[in-house]
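Please look through the sequence and the model shown here, and follow the description from one part to the next.

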Amino acid sequence: EYIAVGELANLMGVSVNEVIQKCIGLGLMVSINQRLDFETIELIASDFGFEVELEEEYLSDLIEEEDDPGESLKPRPPVVTIMGHVDHGKTSLLDFIRRTNVVAGEAGGITQHIGAYKVALEDGKEITFLDTPGHEAFTAMRARGAQITDIVVLVVAADDAVMPQTVEAINHALAANVSIIVAINKIDKPNANTEKIKQQLAERNVLVEDWGGKYQCVELSAKTGKNVDLLLEKILLEAEMLDLKANPDRPARGAVIESQLDKGRGITATILVQKGTLRISDPFVAGTAYGRVRAMFDERGNKVKEAPPSTPVLVLGFESTPQAGDTFAVVESEREAREISIKRMQIKREQEHRQVRHMTLEEIANQISSGGIKELPIIVKGDVDGSVEALSDALMKLSNDEVSVKVIHKGVGAISEGDVLLAAASGAIIIGFHVRPNSNARKLAETEKVDIRLYNIIYDAINAVKSALEGLLSPVV
Ligand code: GDP
């Protein structure tokens with residue numbers, strides 16, 4: 001088994017959704033993180049129009065040996081994303097942690113915004129925070145095949161309530177299968193009511209520990225800093241339970257967090273190293289971009305020579321600009337890096353001219369009738385809460401022995417880019433009831449090949465999914 005579904009999509013420059021759909025076509029129910037065997041990779045790649053020869057050569061550098069499960073694996077710091085509703089204090093929390101936790105003996109704090117930063121705690125333990133809070137960025141990376149977050153900190157303001165974006169954040173984190181730690185923020189406020197928040201979270205199936213659930217929860221203030229240290233401790237505890245490990249003694253692999261064009265330094269990009277150790281003068285590919293590491297800087301602006309797993313570094317030496325979410329991999333030589341980059345650009349150009357199949361409800365119907373699908377993920381958006389609930393319940397009840405309908409997210413309001421990204425990253429279709437996609441969402445759905453179905457009558461929506469489940473749906477015109 002070689003690369004995972006998401007990575008394969010990323011490497012071929014197609015959406016994860018399309019690869020998942022191909023797998024379904026082969027009778028494989030896969031998730032974004034699932035690794036595929038070589039035969040499957042070959043089959044899928046050929047579906048996307050690769051010459052077999054080209055494929056092997058193209059893929060060979062990407063196929064990585066499995067990490068030795070033995071001693072080569074060393075503990076690595078957790079990578080954390082902070083999510084939550086707007087104004088609930090995500091940025092304040094990131095800033096407080098950034099300001100207060102400076103590596104012992106390190107002069108000056110974190111001065112540069114490079115998209116991520118690592119903090120060192122007293123006992124030598126470390127935590128890496130992604131500096132772009134929110135679930136949209138998180139899921140956009142996922143839709144490109146980059147799974148980089150280990151733990152999501154869900155921020156909810158104690159003087160407010162569980163809000164629509166809180167629910168979105170929960171569902172995006174659950175869909176990505178990452179751990180969640182609840183941070184109830186703003187407890188310094190006189191009208192803070194933490195029990196109410198726990199209650200509302202429980203109603204959303206997020207049961208915190210002192211309510212008998214599995215989610216760790218911290219009541220804190222990002223303003224005064226109260227209990228922020230406790231949050232960091234809980235993150236480390238969660239990381240310990242997750243047993244996060246990587247092999248530092250191999251060529252580096254990771255993901256592009258962000259890239260920028262700097263007048264003085266040329267193209268720079270922040271790379272989160274996930275495996276191996278990145279070093280000066282390593283040749284690399286990142287999506288269609290390539291280069292050689294000329295220099296590396298940390299978030300304090302210090303030059304660094306080596307970046308081990310879970311370390312974010314600003315890398316200089318790109319020949320062209322990579323995109324956030326691109327896979328980054330060190331290869332043998334700069335010549336090889338350039339060749340891979342050229343091939344990827346060719347493939348990308350060819351892809352742009354090819355008619356791609358969509359993950360539509362009709363397709364799903366076909367797959368179901370051939371027995372190739374076991375689960376139908378759906379996102380439900382509607383104009384009022386009552387109908388969203390009613391429709392979601394009715395859809396889930398359509399599950400039968402062969403196929404289960406899973407509503408991975410539901411909410412009131414127009415279909416947003418976030419919804420489309422979630423669908424793209426999860427192989428889901430979107431059902432809108434008395435709502436429409438906004439224009440950005442519509443455009444994104446086109447490029448990401450996400451099927452959006454709009455209905456004004458609940459019965460019609462239920463019937464369409466029911467027919468799909470029975471494998472009977474005929475294409476709508
Ligand atoms: P974000 O939109 O989630 O990133 O929220 P911000 O971090 O921008 O915070 C929104 C507002 O809430 C700002 O005015 C912050 O100063 C304020 N705020 C954040 N955390 C706290 C807190 O713990 N206590 C109080 N009193 N205010 C806070």
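The coordinates belong to a predicted model, and a reader may wish to begin with the ligand, which is surrounded by 15 residues. The closest of these residues are D87, K90, T91, S92 and D188. When the shell around the ligand is sorted by class, it is made up of seven polar, six charged and two nonpolar residues. Among the elements of secondary structure, helix 5, which spans residues 90-100, gives the most to this shell, with three residues.

In the side chain of T91, an N or O atom lies 2.5 Å from an oxygen atom of the ligand, while for the side chain of K186 the corresponding distance from an N or O atom to a ligand oxygen atom is 2.9 Å. S221 also takes part, with a polar side-chain atom 3.1 Å from an oxygen atom of the ligand. On its own the ligand has 580 Å² of accessible area, and the protein covers 72% of it.

Turning to the sheets, one can begin with an open sheet of six strands, whose order is 3-4-2-5-6-7 and whose pairing is mixed. Its edges are formed by strand 3 (116-120) and strand 7 (217-219), each of which has a single partner strand, so that one side of each is left without a neighbour in the sheet. From one strand to the next, the twist of this sheet averages 25°. Within it, strand 5 (residues 151-157) and strand 6 (residues 179-185) run in the parallel sense and pair over seven bridges; A157, for example, has N185 of strand 6 as its bridge partner. Packed on this sheet is helix 8 (residues 194-203), which touches strand 5, strand 6 and strand 7, and whose direction makes about 150° with that of strand 6.

Another open sheet has four strands in the order 19-18-20-21, with parallel pairing. Here strand 19 (404-412) and strand 21 (452-455) stand at the edges, and because each has a single partner strand, one side of each remains without a neighbour in the sheet. Neighbouring strands of this sheet are turned against each other by 25° on average, with direction ignored. Strand 18 (residues 375-382) pairs with strand 20 (residues 429-433) in the parallel sense over five bridges, and the bridge partner of V380 in strand 20 is I431.

Two helices can be followed along this four-stranded sheet. Helix 12 (residues 385-396) lies across strand 18, strand 19 and strand 20, and it runs at about 175° to strand 19. Helix 13 (residues 417-426) packs on the sheet as well, touching strand 18, strand 19, strand 20 and strand 21, with a direction that makes about 175° with that of strand 18.

Notes
Residues numbered from 1 in each chain as written. Predicted model: local features only at pLDDT ≥ 70, side-chain atom pairs only at ≥ 80, totals over all residues. Heavy atoms only, no water. Near = heavy atom within 4 Å. Polar contact = N/O pair within 3.5 Å; in protein donor to acceptor, adjacent residues only side chain to side chain. Areas by Shrake-Rupley, 256 points an atom, 1.4 Å probe, with all protein chains shown as cover. Nonpolar A, V, L, I, M, F, W, Y, C, P; charged D, E, K, R; others polar. Pairing = 2+ DSSP bridges. Axes fitted to C-alpha atoms, helices over the stretch in contact; angles between N-to-C directions. Contact = heavy atoms within 4.5 Å.
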